[in-house]
Amino acid sequence: MSIIRKRYLAVVIGTMFATSAVADNAETERLRSELNDLRGKYDEQALRLMKLEARLDRLAFYSKPSYQQTGGIVKTVYKGDKNIQLAQDNTTSQQAKPPAKRAAEEEVIREAPASRSTQAVYQEQHALFDRKFTFEPGFTYTSFDRNQLLLNGFLALDSIFLGTISVDEVEAQILTLDLAGRYGLTDRIQLDFNIPFVYRNTNYQSVGAGGASTSLIEEDITLDTELGDVSAGFYYQLVKEQTNWPDVVWNVRVKAPTGSDPYGISIIDVDGSGNLMIPEELPSGNGLWALSTGLSFVRTVDPAILFASVNYTHNLEDDFGDISSADGKQPGSIDLGSTFSYGLGIAFALNERTSMSFGYNQSFTGKSRQKLDSTGDWQSIIGSDANSAQLNIGATYALSDMSSWITNIGIGLNTDAPDVTFSMKFPYTF
């Protein structure tokens, strides 16, 4: 074989090996690219699978609870085997991935609806904007007990009293049946109404009848169940609860004088000696239109719920055909004093269905005024102003996902407050 032919054969064989090497490199790059694509698709499928599992767990939240309750906000952490395996397989590549993708592959955290006990606290102290209608029947029992010493005479020689002494005791029980309803018009607006039916019984006792210190006289007056003053309210959520802000709701209420008014009721002398004077009948309302407005605040602080409120009530003056308790009619006008009140408290969600609350309420009422048509001048009514303070202890229990049981006991802390107030409500959401 000539030298030329040998060189030609060597060139051909070298070209074949070079072509084969180039083909192998191209195949390697193609396989590496396909492998990278498959890895990316695997990661995407794993993320989709993780999200679908989270959605499935969210739908089965109440049937399979795996949550940690934190004062009304329930956070569920999902740590499935696939999530952990994904983190283990990609440990070395986490730093190279974008922050958004790396965060998406970490454990999924979601917020679930508040517990039923927490919802009951919000509904009782605040408002619940859930776009549902809630019917809330309930009753309230209020008890008053007042003692007073009446002296009709004068002191002789600064030590001897000459005249009539009367020791009076008044015990009053008021039972009110409330038929209330709430409706969440939007996620920020709620409307409500309240229709009360009032039953009252008052016992009057007096010692010293007829001038004898051992003589006792008493009389009972009962008001059979009657319609009281109907009211309606509007609630608007100004601020939704955030990290550094409480939930703030503004409310406006109007009360109509649908109950019987207390004006022009005659006074009866029980024994004819003036020792015990009682009204002829008891009213079921105050006889005036009233407007009120205020703000309520709720803040969740694990594991407690803090709440507070401020309110102002203004009664509109009105004219009546008779405002005197004496015989004969005396037309005139009545202007009841305005009331400013505030309250604050704390509630604890003990579990999914039960919560307890402790609160303090205080209200200040200005003096009322009356104006006789015969004189045309306003006169303040002595003793009509009041300062009432009350301590409240409440408990709520969710009977089901639709209904709750709310109880509250109020203890009067001064003479102007009721001695005891006990209420029970049974809200049912449709």
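Where is Trp 289 found?

**Entry 1. Conventions**

I am working with a predicted model, in which local features need pLDDT of at least 70 and side-chain atom pairs count only at pLDDT 80 or more, while totals for chains, interfaces and linings use all residues. Residues are numbered from 1 along each chain as its sequence is written, and side-chain values use heavy atoms, with hydrogens and water left out.

**Entry 2. Trp 289**

I located Trp 289 in the loop between strand E11 (277–279) and strand E12 (290–301). Helices (H or I, at least four residues) and strands (E, at least two) are DSSP runs, numbered from the N terminus. I then looked up the relative accessible area of Trp 289, which is 44%, so the residue is partly exposed. The classes are buried (under 20% relative accessible area), exposed (over 50%) and partly exposed (in between), with a 1.4 Å probe and protein chains only.

I listed the contacts (heavy atoms within 4.5 Å) of Trp 289, leaving aside its neighbours within four places in sequence: Val 254, Lys 255, Ala 256, Pro 257, His 314, Asn 315 and Leu 316. I also checked Thr 258, which is 31 residues from Trp 289 in sequence and 9.2 Å away in space, C-alpha to C-alpha.

**Entry 3. The chain as a whole**

I noted 4 helices and 23 strands in the chain. Of its 430 residues, 32% are buried. Among contacts with a separation of 6 or more, 63% are between residues 24 or more positions apart. The chain exposes about 25,400 Å², and carbon and sulfur atoms supply 59% of that area. Accessible areas come from the Shrake-Rupley method with a 1.4 Å probe; for residues, only the protein chains shown count as cover.

**Entry 4. Salt bridges**

How many salt bridges does a search of the whole structure find? I recorded 9, a salt bridge being a side-chain nitrogen of Lys or Arg within 4 Å of a carboxyl oxygen of Asp or Glu.

I examined Arg 253 and Asp 192, whose side chains meet in a salt bridge at 2.9 Å, N to O. Arg 253 lies in strand E9 (residues 247–255) and Asp 192 in strand E6 (residues 189–207), so this pair ties together parts that are 61 residues apart in sequence. Arg 253 is buried at 18% relative accessible area, and Asp 192 is buried at 12%.

I next examined Glu 241 and Arg 299, which form a salt bridge at 3.4 Å, N to O. Glu 241 lies in the loop between strand E8 (231–239) and E9, and Arg 299 lies in strand E12, so the pair ties together parts that are 58 residues apart in sequence. Glu 241 counts as partly exposed at 26% relative accessibility, and Arg 299 counts as partly exposed at 24%.

I then took Asp 335 and Arg 369, whose closest N and O atoms are 3.0 Å apart in a salt bridge. The pair links distant parts of the chain, with Asp 335 in strand E15 (residues 332–335) and Arg 369 in strand E18 (residues 369–372), 34 residues apart. Asp 335 is buried at 13% relative accessible area, whereas Arg 369 is partly exposed at 29%.

I also found Glu 27, Arg 30 and Glu 34 linked in a network of salt bridges.

**Entry 5. Nonpolar patch and its strands**

Which residues make the nonpolar surface patch of about 790 Å²? I listed Phe 348, Leu 350, Met 356, Phe 358, Leu 391, Ile 393, Ile 409, Ile 411, Leu 413 and Val 420. Patches are made of residues with over 30% relative accessible area and no salt bridge: like charges are joined within 9 Å, and nonpolar side chains (Val, Leu, Ile, Met, Phe, Trp, Tyr) within 5 Å.

Strand E17 (354–365), strand E20 (386–398) and strand E21 (404–412) each supply at least two residues of the patch. I checked Leu 391 in strand E20; Leu 391 is partly exposed, with a relative accessible area of 35%.

I followed the pairing of these strands (two strands pair if DSSP finds at least two bridges between them). E17 and E20 pair in the antiparallel sense over 12 bridges, and Phe 364 has Asn 387 in E20 as its bridge partner. E20 and E21 also pair in the antiparallel sense, over 9 bridges, and Ala 395 has Thr 407 in E21 as its bridge partner. A hairpin joins E20 to E21 through 5 residues.

**Entry 6. Thr 421**

Is Thr 421 buried or exposed? I found Thr 421 buried, with a relative accessible area of 14%, in strand E22 (residues 420–425). The side chains of Thr 421 and Gln 390 are joined by a polar contact of 3.1 Å. A polar contact is a pair of N or O atoms within 3.5 Å; within protein, one must be able to donate a hydrogen and the other to accept it, and residues adjacent in sequence count only if both atoms are side-chain atoms. Not counting residues up to four places away in sequence, Thr 421 touches Thr 140, Tyr 141, Thr 142, Gln 390, Asn 408, Ile 409 and Gly 410.
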